There are 2 protein chains.
Amino acid sequence: MKIGYLGPKNSFTYQATNAAFPNQTQLAFSTIQKCLEATIAKEVDMAVIPIENSLEGSVHASMDYLFHSKELTVQQEIILPIRQQLMATNPGIPEVIMSHPQALAQSQAYLSAHYPDVAIVQTPSTTYAAEYVTSHPQEKVAAIASKQAAAAFGLTIIGQDIQDNDQNETRFWVITRKVKPTESTSKVTQGKLSFFLTLPSNQPGVLHKMLAAFAWRGIDLAKIESRPLKTSLGQYYFIIDLAVEDNVALAYYAFEEVSLLGAKIRVLGPYEIRIVK
Amino acid sequence: MKIGYLGPKNSFTYQATNAAFPNQTQLAFSTIQKCLEATIAKEVDMAVIPIENSLEGSVHASMDYLFHSKELTVQQEIILPIRQQLMATNPGIPEVIMSHPQALAQSQAYLSAHYPDVAIVQTPSTTYAAEYVTSHPQEKVAAIASKQAAAAFGLTIIGQDIQDNDQNETRFWVITRKVKPTESTSKVTQGKLSFFLTLPSNQPGVLHKMLAAFAWRGIDLAKIESRPLKTSLGQYYFIIDLAVEDNVALAYYAFEEVSLLGAKIRVLGPYEIRIVK
């Protein structure tokens with residue numbers, strides 16, 4: 001099986017891909033869009049992309065592409081703990097520390113405490129930073145990246161697990177081409193079910209009315225988020241995650257009900273959750 | 001008055017700042033966090049930060065910082081149309097095109113149509129790309145950045161308004177230290193009112209119950225989004241924008257009601273919206 005993922009190699013998405021598909025052929029793509037296009041074009045069987053709290057790309061890019069393409073569905077979710085490491089070619093004090101802006105932001109407390117006077121340089125990815133440090137051994141420069149990147153580039157970790165928040169995690173989705181709804185609904189009994197909701201109008205109270213269909217059935221909303229429709233300003237669609245146990249069928253009754261009320265529903269499929277330790 | 005903004009100079013946040021505060025002292029900060037810390041420390045009077053569809057930083061960073069700090073409020077919203085330009089030192093065909101990953105993504109259709117074989121290089125910001133092109137006139141390299149960046153660096157625009165979507169806009173918030181609620185509520189009659197909502201429990205239907213307080217009062221939800229609380233996985237807070245006309249007082253009654261039901265409310269203030277042409 002061929003698995004596409006948001007590259008470069010040794011990125012956090014690469015780690016998630018390795019955790020879920022260690023023995024499959026893995027192909028790196030430079031953008032989320034290219035990753036998903038390759039899935040539609042059947043160049044790959046599945047694609048792994050970041051959804052929330054991502055380092056290498058925008059979550060919005062993932063959501064918007066999935067909303068506008070009708071052919072794709074979610075096969076599973078991967079939750080990866082994000083641990084940042086400070087790495088260099090030698091253990092001396094660095095003069096420059098470089099990384100992706102989000103990795104730098106996540107390590108701010110550590111950097112302020114240990115390296116208040118070091119120059120900070122932003123790079124397009126954490127992998128880019130690690131690669132730069134490896135190829136410039138004469139410079140007093142350190143990178144913030146993953147343990148895997150340190151191993152891959154042969155760098156020494158001079159600061160371990162330096163992220164400010166131990167709860168730091170990234171959610172990834174494994175995306176496949178659509179299977180028939182009946183096939184996927186029968187598979188998952190524990191996990192989540194995600195769908196896009198477009199309201200019939202922007203009248204006050206419409207969202208409240210739609211959520212009633214889930215509330216009275218006792219279906220828990222794990223997450224709700226609105227995103228601009230891109231047709232005109234102030235028009236939104238919603239991405240909603242439901243926590244489903246053995247009530248997947250109940251959720252489909254709710255979908256039918258809100259559809260009858262004029263809302264548009266696009267189901268991304270019920271899926272299992274894989275938590276990487 | 002001193003206005004902090006997410007830099008570097010000539011970024012889209014800089015443009016938004018110039019549109020709202022053309023005659024004030026402007027100070028660039030390298031991260032959203034530093035921008036907001038400077039506001040709390042009274043080093044600046046206000047801060048301009050991106051909230052939605054941003055190029056230079058994460059919206060999540062803005063929301064999470066505002067949620068966790070209790071001292072800040074929203075003074076106004078600035079909506080800026082995002083127009084991408086392809087620029088170079090001379091009109092020849094470039095061999096390399098560089099920019100921020102999101103600017104590259106926004107111009108993908110144009111790049112595929114006009115420069116299918118050109119190498120793409122990601123940079124930490126659009127300003128970085130424009131600066132690189134200016135300082136390497138001997139290289140056949142072009143940058144994607146704003147019209148303002150082209151003017152600032154003396155570059156020639158060789159592709160105008162190349163973004164795929166004409167509706168492309170970024171929302172910015174102007175942040176100030178908190179004023180008394182009565183002061184701010186009396187000011188705005190047309191605009192938006194944003195607040196953070198933390199639910200008393202994760203029981204199914206709780207969100208639906210809370211939204212009822214707004215629905216029956218006829219208050220329109222312009223946007224709703226959930227964000228992880230960072231205490232443990234699956235715990236969320238909500239950021240909700242209300243469209244308020246002359247019903248600001250009504251919204252405060254709703255806040256009181258949901259507080260009595262056990263929810264926590266933090267109001268970011270009603271504010272006016274400035275649309276930049």
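## Arg274 of chain B

Arg274(B) is found in strand S14 of chain B, which covers residues 264-275. The model described here is predicted. With a relative accessible area of 33%, Arg274(B) is partly exposed, because that class lies between the limits of 20% for buried and 50% for exposed.

Leaving aside residues up to four places away in sequence, Arg274(B) touches Ala19(B), Ala20(B), Gln76(B), Glu77(B), Ile78(B) and Ile79(B). His68(B) is 206 residues from Arg274(B) along the chain, and the C-alpha atoms of these two residues are separated by 26 Å.

## Helix H3 of chain B

Helix H3 of chain B runs over residues 59-68 and is mostly covered, with eight of its ten residues buried. The buried residues are Val59(B), His60(B), Ser62(B), Met63(B), Asp64(B), Tyr65(B), Leu66(B) and Phe67(B).

## Chain A as a whole

Chain A has ten helices and 14 strands. Its C-alpha atoms fill a box of roughly 65 × 40 × 35 Å, taken along the principal axes.

Of the 277 residues in chain A, 53% are buried. Contacts in chain A between residues at least 6 apart in sequence were also sorted by separation, and 75% of them join residues at least 24 apart.

## Two helices packed together

In chain A, helix H9 (residues 206-215) packs with helix H10 (residues 248-260) at an angle of about 155°, and their axes are 9 Å apart. H9(A) and H10(A) are therefore roughly antiparallel to each other, since angles over 145 degrees are classed that way. The crossing of H9(A) with H10(A) is right-handed.

On the side of H9(A), the contact is made by Met210(A), Ala213(A) and Phe214(A). H10(A) contributes Ala251(A), Ala254(A), Phe255(A), Glu257(A) and Val258(A).

## How the two chains are related

Chain A is superposed on chain B by a rotation of 180° with 0.1 Å of shift along its axis, and the RMSD is 0.1 Å. That is the relation of a two-fold axis. Within chain A, the C-alpha nearest the axis belongs to Glu225(A), at 2.0 Å from it. The same surface serves both copies, as 98% of the contact residues of chain A recur in chain B.

## Cysteines

Over all chains, the structure holds zero disulfides. Cys35(A) counts as buried, at 0% relative accessibility. Cys35(B) likewise counts as buried, at 0% relative accessibility.

## Backbone details

Most residues other than glycine have a negative phi, and most peptide bonds are trans. The cases below are exceptions to one or the other.

In chain A, a cis peptide bond joins Gly7(A) and Pro8(A), with omega about 5°. Pro8(A) lies in the loop between strand S1 (2-6) and helix H1 (12-20) of chain A. In chain B, Gly7(B) and Pro8(B) are joined by a cis peptide bond, where omega is about 5°. The loop between strand S1 (2-6) and helix H1 (12-20) of chain B holds Pro8(B). Asn10(B) is also placed in the loop between S1 and H1 of chain B. Although Asn10(B) is not a glycine, its phi is positive, at about 75°. Asn10(B) counts as buried, at 11% relative accessibility.

Asp161(A) is not a glycine either, yet has a positive phi of about 45°. Asp161(A) sits in the loop between strand S9 (156-159) and strand S10 (169-177) of chain A. Its relative accessible area is 36%, so Asp161(A) is partly exposed.

Technical notes: Residues numbered from 1 in each chain as written. Chains lettered and ligands numbered in written order. Predicted model: local features only at pLDDT ≥ 70, side-chain atom pairs only at ≥ 80, totals over all residues. Heavy atoms only, no water. Buried < 20%, exposed > 50% of the residue type's maximum accessible area, 1.4 Å probe, protein only. Helix = DSSP H or I, 4+ residues; strand = E, 2+ residues; numbered from the N terminus. Least-squares fit on C-alpha atoms with pLDDT ≥ 70 in both. Contact = heavy atoms within 4.5 Å. Disulfide = S-S within 2.5 Å. Axes fitted to C-alpha atoms, helices over the stretch in contact; angles between N-to-C directions. Parallel < 35°, antiparallel > 145°, perpendicular 65-115°, else oblique. Left-handed = near helix turned anticlockwise from the far one by under 90°.
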